[in-house]
Amino acid sequence: AVLRAHGEALREDIRPEKRAEYLEIMLDECDRMAGLVGSLLELSRLESGAALRREPVELSALVREVWEPLALPLEQKQISLTLALEEVRLEGDRARLREAAGNLASNALRHCAPGGEVRFLLRVEKGSALLRVENDGDPIPPEVLPRLFEPFYKADPARTRTQGGTGLGLALVQEITALHGGRCGADSLASGAAFWCTFPICQAPDSMV
C-alpha cells in the first residue's frame, strides 16, 4: 500500500523535492520488505528442521563481532554499551548463533531509551552458556512476556513500526536456540527489559577457537 500510494503520486506533476522524498520512502519500503521476506524464508527453513553446520565456536568473540557495526547507532542514540563476557566455547552453527546474538542486540538497541544503557552478559551457568541482553526503557507488562517470541507479535504495533524491525527477530532467536538444544525467554525490569537464551555446553577439545 505504501509503495503503490507513493508510486501513483509520482505520476502527478509534483515538486522536485517531493519527488526525491517519495522515491526515498519507496526505497526504504523496498528494503524493509526485502528484510521481511529474507526473515520469513530463514524462519521457514529453521521450522522445517534445517541442518546445523556445527563447528567449534567461541561465543565472546562472536558477540563482539555483532556489536562492531552497531557503534554508529549507539552513538546516534547516545546509548552506552556494557559487555560482561566470559570466554565460552561450544559446538554450534556459527552463522546462526551470530544471527541470534545479532537479533538480540538489534532488539535491545531498537527499544532502549535514548541516553540509556544496553548490557550484554555472557557466562557459564549450570552447565550452559547464558546470553542475556538488558536495555533501559519501558518495562514489559507480565501478560505480554509469554508472547514476545511469536512471529509478528508486537506489544505496541504503532511504536514498533516507527522503530523498524520485521517482527520476526525474536522468533528466529527462539528457533535457532531450540535447534541447539537450548531455550530462551524474557524478563521485565524496573526500568527496561531483558532477553536471554541458553545453550548446552558439550565437552570440546582444547583447540576450539
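A polar contact is a pair of N or O atoms within 3.5 Å; within protein, one must be able to donate a hydrogen and the other to accept it. In this predicted model, the side chain of Arg132 makes such a contact with the side chain of Glu134, at 2.9 Å.

- Arg132 is found in strand β5, which covers residues 128–136.
- Arg132 has a relative accessible area of 17%, and it counts as buried because that value falls under 20%.
- Leaving aside residues up to four places away in sequence, Arg132 touches Arg119, Phe120, Leu121, Asp187, Leu189, Ala194, Phe195 and Trp196.

**The salt bridge between Arg132 and Asp187**

- Side chains of opposite charge can pair when their charged atoms come close.
- Arg132 and Asp187 form a salt bridge in which the closest N and O atoms are 2.9 Å apart.
- Arg132 belongs to strand β5 and Asp187 to strand β6 (residues 183–189), so this pair ties together parts that are 55 residues apart in sequence.
- Asp187 is partly exposed, with a relative accessible area of 28%, whereas Arg132 is buried.

**The salt bridge between Arg119 and Asp136**

- Arg119 forms a salt bridge with Asp136, and the closest N and O atoms are 3.3 Å apart.
- This pair links distant parts of the chain, with Arg119 in strand β4 (residues 117–125) and Asp136 in strand β5, 17 residues apart.
- The relative accessibility of Arg119 is 22%, and Arg119 therefore counts as partly exposed, a class that lies between 20% and 50%.

**The salt bridge between Glu125 and Arg123**

- Glu125 pairs with Arg123 in a salt bridge whose closest N and O atoms are 2.6 Å apart.
- Glu125 is partly exposed at a relative accessible area of 32%, and Arg123 counts as partly exposed at 30% relative accessibility.

**The network**

- A network of salt bridges links Glu117, Arg119, Arg132, Glu134, Asp136 and Asp187.
- Among the members of this network are Arg132 and Asp187, which form a salt bridge with each other, and Arg119 and Asp136, which also form a salt bridge.

How values were computed: Residues are numbered from 1 along each chain as its sequence is written. This is a predicted model: local features need pLDDT of at least 70, side-chain atom pairs count only at pLDDT 80 or more; totals for chains, interfaces and linings use all residues. Side-chain values use heavy atoms; hydrogens and water are left out. Helices (H or I, at least four residues) and strands (E, at least two) are DSSP runs, numbered from the N terminus. Contact means heavy atoms within 4.5 Å. A salt bridge is a side-chain nitrogen of Lys or Arg within 4 Å of a carboxyl oxygen of Asp or Glu. Buried means under 20% relative accessible area, exposed over 50%, partly exposed in between (1.4 Å probe, protein chains only).
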